[in-house]
Every structure is written in C-alpha cells, then in structure tokens.
Amino acid sequence: MSLKPTTKTKENPFTKRREPLGFMLWLGVAGSSLLFTSIFIIFLVRMHKEIGHLIVLPDMFWLSTLVILFSSITLHEANLAFVNERFLHYRVFLGITLLLGITFILLQAGGWAEMINSGVFNNANTSAGFIYLLTGLHLIHIAAGVIYLLHLFRKAIKNRSYVDSFVYSVNPPNRLRIKLLTRYWHFTGALWLVVFLFIIIIY
C-alpha cells in the first residue's frame with residue numbers, strides 16, 4: 001500500500017477573501033496618497049515660476065503638529081484598552097483623542113486666519129494657493145476622522161456599565177471599527193507630517 005504525500009495548496013494572495021471595510025480603507029489611503037503626491041509633483045514642476053514668494057508658517061501650525069502626533073498615541077492606547085476590556089481607559093483615551101482632533105482643527109483654522117490677516121493670500125500666486133490646498137485637503141481628512149470619533153465616543157458613553165461595554169466589545173464589527181479608525185488616524189497624522197515637512201523644506 002503506497003501512501004501519496006499530501007500537498008497543501010497555497011492560497012493566492014490576489015484571490016483570497018479580504019475584509020471589505022479594511023480593503024476599502026486601504027483603497028482610500030492609496031487614493032489620498034496618490035492625490036497628495038500629484039499635488040507635490042505639480043508644485044515642484046511650477047515652483048521655478050514662484051521664486052521669491054517665501055511664506056513663514058504661523059506658530060499654530062507647529063503646535064498643531066504636536067497635537068496630531070500626541071492624538072495618535074492616545075488613540076492607540078484607546079484601541080489597546082478596548083481590546084483588553086479596560087473600558088474606563090478606553091472612554092478616557094477616546095475622549096482625549098476627540099478633544100485633540102478638535103484642537104487640531106481649531107489650530108489650523110487659527111493658522112489660516114493669521115496668514116489671511118498678514119496678507120499672504122492677497123496676491124494670487126501659486127505658493128500661497130498650494131499651502132491653502134494642501135492644508136485644506138488634509139483638514140477634510142481630519143474632520144472625517146473627528147466625526148467618526150464623536151460617533152464612537154457617544155457609543156462608549158452610552159455603554160458605561162461593564163456588562164454593556166463587554167457585550168459591545170465582543171462584537172467583531174465593533175472591534176473592527178475601532179481598529180480601522182486607528183489605522184486611518186495614524187495615516188492622517190503621517191500625512192500631515194509629510195505635508196508639513198514639504199511646506200517647510202520648500203518654503
């Protein structure tokens with residue numbers, strides 16, 4: 001009696017089933033990255049026409065950078081607390097992240113107001129226009145994240161008891177939501193760093 005060796009079939013990475021929401025998030029990240037990369041390239045191609053139009057970023061933009069970096073840490077801690085069933089810590093860190101996200105938006109708006117008052121946007125030039133476009137597009141990404149953070153925070157406050165929090169946490173879709181939001185928020189933080197460094201280096 002001969003025994004034939006069993007062969008394991010390897011799953012094709014291009015055809016294997018993926019989680020739809022996670023795949024949609026990666027598509028969105030790829031699309032946003034392509035959009036910002038295109039803007040960077042367009043600006044670099046046209047930059048030689050705008051030599052001399054140097055712009056100093058307001059201090060609020062520097063402060064907002066620290067805020068968005070710290071918010072990534074707090075949301076990471078919220079995600080860990082949620083997975084480890086430390087629901088009080090989850091609510092606290094989620095609330096802090098929400099406040100930091102709102103603070104980032106306010107600081108960015110304050111930076112815009114300061115540049116407008118200083119007359120940066122009075123003269124129509126490519127340099128000022130690209131700053132407005134880059135920071136504005138990024139702010140839309142942050143605003144979307146803040147809206148979803150607010151939704152999750154309301155859910156967390158609603159399920160204050162341990163039993164309600166536990167039932168909510170063991171639901172796979174709920175675990176997936178906080179995990180995907182954390183990935184998205186880290187992406188927006190990294191995206192702002194790229195935008196911020198690009199503006200500093202170029203200007």
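Residue A78 is found in helix α2, where helices (H or I, at least four residues) and strands (E, at least two) are DSSP runs numbered from the N terminus. At 0% relative accessibility, A78 counts as buried; buried means under 20% relative accessible area, exposed over 50%, and partly exposed in between (1.4 Å probe, protein chains only). Leaving out residues up to four places away in sequence, A78 touches Y90, F93 and L94, a contact being heavy atoms within 4.5 Å.

The structure is a predicted model, in which local features need pLDDT of at least 70 and side-chain atom pairs count only at pLDDT 80 or more, while totals for chains, interfaces and linings use all residues. Residues are numbered from 1 along each chain as its sequence is written, and side-chain values use heavy atoms, with hydrogens and water left out.

The protein chain has six helices and zero strands. Buried residues make up 41% of its 203 residues. Among contacts between residues at least 6 apart in sequence, 87% join residues at least 24 apart. The UniProt record (unreviewed entry) places the feature "transmembrane region" at residues 21-45, 51-75, 87-109, 129-150 and 184-202; such annotations may be inferred rather than shown by experiment, feature names are shortened, and positions are given in the numbering used here. Two of these spans can be followed in the model. Residues 87-109 are 100% helix and 0% strand, with end C-alpha atoms 33 Å apart, and residues 129-150 are likewise 100% helix and 0% strand, with end C-alpha atoms 31 Å apart.

The largest nonpolar core holds 46 residues, of which L75, Y90, L94 and L134 touch the most other members. A nonpolar core is a set of buried Ala, Val, Leu, Ile, Met, Phe, Trp, Tyr and Cys residues joined through side-chain atoms within 4.5 Å. Helices α1 (20-46), α2 (59-83), α3, α4 and α6 (172-202) each supply at least two residues of this core, and α6 gives the most, with 13 residues. Leaving aside neighbours within four places in sequence, L94 is in contact with L75, A78, L149, L152, F153, A156 and I178.

Aromatic rings also meet in this model. Rings of Phe, Tyr and Trp (its six-membered ring) pair if their centres lie within 6.5 Å; planes under 30 degrees apart count as stacked, over 60 as edge-to-face and the rest as tilted. By this rule the count comes to eight aromatic pairs. In one of them, the rings of W112 and Y132 have centres 5.2 Å apart and planes at 25°, so the pair is stacked. Because W112 lies in helix α3 (residues 87-117) and Y132 in helix α4 (residues 126-158), the pair ties together parts that are 20 residues apart in sequence. W112 is buried, with a relative accessible area of 18%, whereas Y132 is partly exposed, at 45%. Residues F61, W62, F104, W192 and F196 form one aromatic cluster.

The chain averages a pLDDT of 82, and 81% of the residues score at least 70; pLDDT is the predictor's confidence in each residue, from 0 to 100. Confidence is lowest in helix α5 (residues 162-169), at a mean of 78, and highest in α2, at 92. Over residues 1-9 the pLDDT is below 50, and this stretch has zero contacts in the model beyond near neighbours in sequence.
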